[in-house]
Amino acid sequence: MYANADLHCHSVVSDGTLTPEVLAARAHANGVDLWALTDHDEVGGQARALAAAQALGMAYITGVEISVTFAGTTVHIVGLGFDPTDPQMVQGLAATRGGRLERARDMAGQLAAVGIAGAYEGALRYVGNPELVSRTHFARFLVEAGVCRDTSEVFRKYLVEGKPGYVPHRWAALGDAVRWITEAGGVAVIAHPARYRFTPNEEFALFSEFQQHGGRGVEVVTGSHSASEAVRYADLARELGLAASRGSDFHSPDESHTDLGILPPLPADLTPAWDLVAAHIHPGR
């Protein structure tokens, strides 16, 4: 039904650089006919995104990307088609966001110890929502300060495990995130699975536990997947009976490799994740 669905992107409400309204216009200009804003651990941009999409005649479905800790790794679970006012969802996301400011101060302290001063204040300049200060905001500061040429260099030299500025944060449990989404009427999707670099046993455990908790989808076509990775996760979706999702994971015109709506199609034999919550799609006016 939808020829160009993009169900993964970020606005200034989390760690993107564009407003929900500008993102909607960009998606529409690129031919997106079903769109979702999926800010990290935050649904505060949903009303604006819906209004902007409908003003352009573009169908919209609610979205969020929830950070969870699994096997010592941060994994992202996208929720689609849920009620963004659901109290359990709102409270759970607030708790997940809770430790970010303390973590940010610790990150800045590590950077100061290697001679990079002012990182906390510098990162906050890039934050639309102080509750959601993240490594991305620190990376933008390090580029602005001339410490690194671009954010790719930042994540080679800083802010990753074993490098200055890396501070782990314990996020939600996988089961909690899936439950918040499903009990609010939505469908839970494992985001960009190729990024996690799990062993085969760890990946099997992730998908098994995800499905046991009620998770029903996986991102097959996404900005960080190569063509061969898309094929691999299409095969896994078939094997496990999972629906498939599609999204650019767009953050910024200056940083993102894949623009909104500029993605290969899903394989025709897979069930699109949005079909599972079709009743919750807001049609374009």
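**Entry 1. The two domains**

I looked up how far apart the domains sit: the C-alpha centres of domain 1 and domain 2 lie 25 Å apart. I note that the model is predicted. I took the bounds from the domain assignment, which gives domain 1 as 5-96 + 170-282 and domain 2 as 100-157. I then checked who takes part in the contact, and found 14 residues from domain 1 and 11 residues from domain 2.

**Entry 2. The interface**

How much area do domain 1 and domain 2 bury between them? I read about 860 Å², with 43% of it on carbon and sulfur atoms. On the domain 1 side, Asp15, Trp171 and Glu255 lose the most area to domain 2. Together these three residues make up 46% of what that side buries.

I counted polar links next. Five residue pairs are in polar contact between domain 1 and domain 2, both partners being at pLDDT 80 or more. I sorted the side of domain 1 that touches domain 2 by class and got three nonpolar, seven polar and four charged residues. For salt bridges across this interface, the rule finds two.

**Entry 3. Aspartate 41**

I went to aspartate 41, which I found in the loop between β2 (34-35) and α2 (46-55). Is aspartate 41 buried or exposed? I have it as buried, because its relative accessible area is 0% and the cut-off for buried is under 20%.

The side chain of aspartate 41 meets that of arginine 100 in a salt bridge, 2.9 Å from N to O. A polar atom of the aspartate 41 side chain also lies 2.9 Å from the backbone nitrogen of serine 67. Leaving out residues up to four places away in sequence, I listed what aspartate 41 touches: Val64, Glu65, Ile66, Ser67, Leu93, Thr96, Arg97, Arg100 and Leu132.

**Entry 4. Salt bridges elsewhere**

I took the total next, and by this rule it comes to 14 salt bridges. As background, side chains of opposite charge can pair when their charged atoms come close.

I picked out aspartate 259 and arginine 26, whose closest N and O atoms are 2.8 Å apart in a salt bridge. Aspartate 259 lies in the segment after β8 (243-247) and arginine 26 in helix α1 (residues 20-29), so this pair ties together parts that are 233 residues apart in sequence.

**Entry 5. Arginine 238**

Which side chain meets that of aspartate 235 in a salt bridge? I found arginine 238, at 2.8 Å from N to O. I placed both residues in helix α10 (residues 227-240), three residues apart, about one turn of the helix. Aspartate 235 counts as partly exposed at 42% relative accessibility, and arginine 238 counts as partly exposed at 38%.

I also found a salt bridge between arginine 238 and aspartate 269, at 2.6 Å from N to O. This pair links distant parts of the chain, with arginine 238 in helix α10 and aspartate 269 in the segment after β8, 31 residues apart. I have aspartate 269 as exposed, because its relative accessibility is 52% and the cut-off for exposed is over 50%.

**Entry 6. A network**

Last, I looked for linked salt bridges and noted a network that joins Arg149, Glu153 and Lys157.

Note on methods. Residues are numbered from 1 along each chain as its sequence is written. This is a predicted model: local features need pLDDT of at least 70, side-chain atom pairs count only at pLDDT 80 or more; totals for chains, interfaces and linings use all residues. Side-chain values use heavy atoms; hydrogens and water are left out. Helices (H or I, at least four residues) and strands (E, at least two) are DSSP runs, numbered from the N terminus. Buried means under 20% relative accessible area, exposed over 50%, partly exposed in between (1.4 Å probe, protein chains only). A polar contact is a pair of N or O atoms within 3.5 Å; within protein, one must be able to donate a hydrogen and the other to accept it, and residues adjacent in sequence count only if both atoms are side-chain atoms. Contact means heavy atoms within 4.5 Å. Domain bounds come from an automatic or database domain assignment. Buried area is the accessible area (1.4 Å probe) that two parts lose on being put together, summed over both. A salt bridge is a side-chain nitrogen of Lys or Arg within 4 Å of a carboxyl oxygen of Asp or Glu. Ala, Val, Leu, Ile, Met, Phe, Trp, Tyr, Cys and Pro count as nonpolar, Asp, Glu, Lys and Arg as charged, and the others, Gly among them, as polar.
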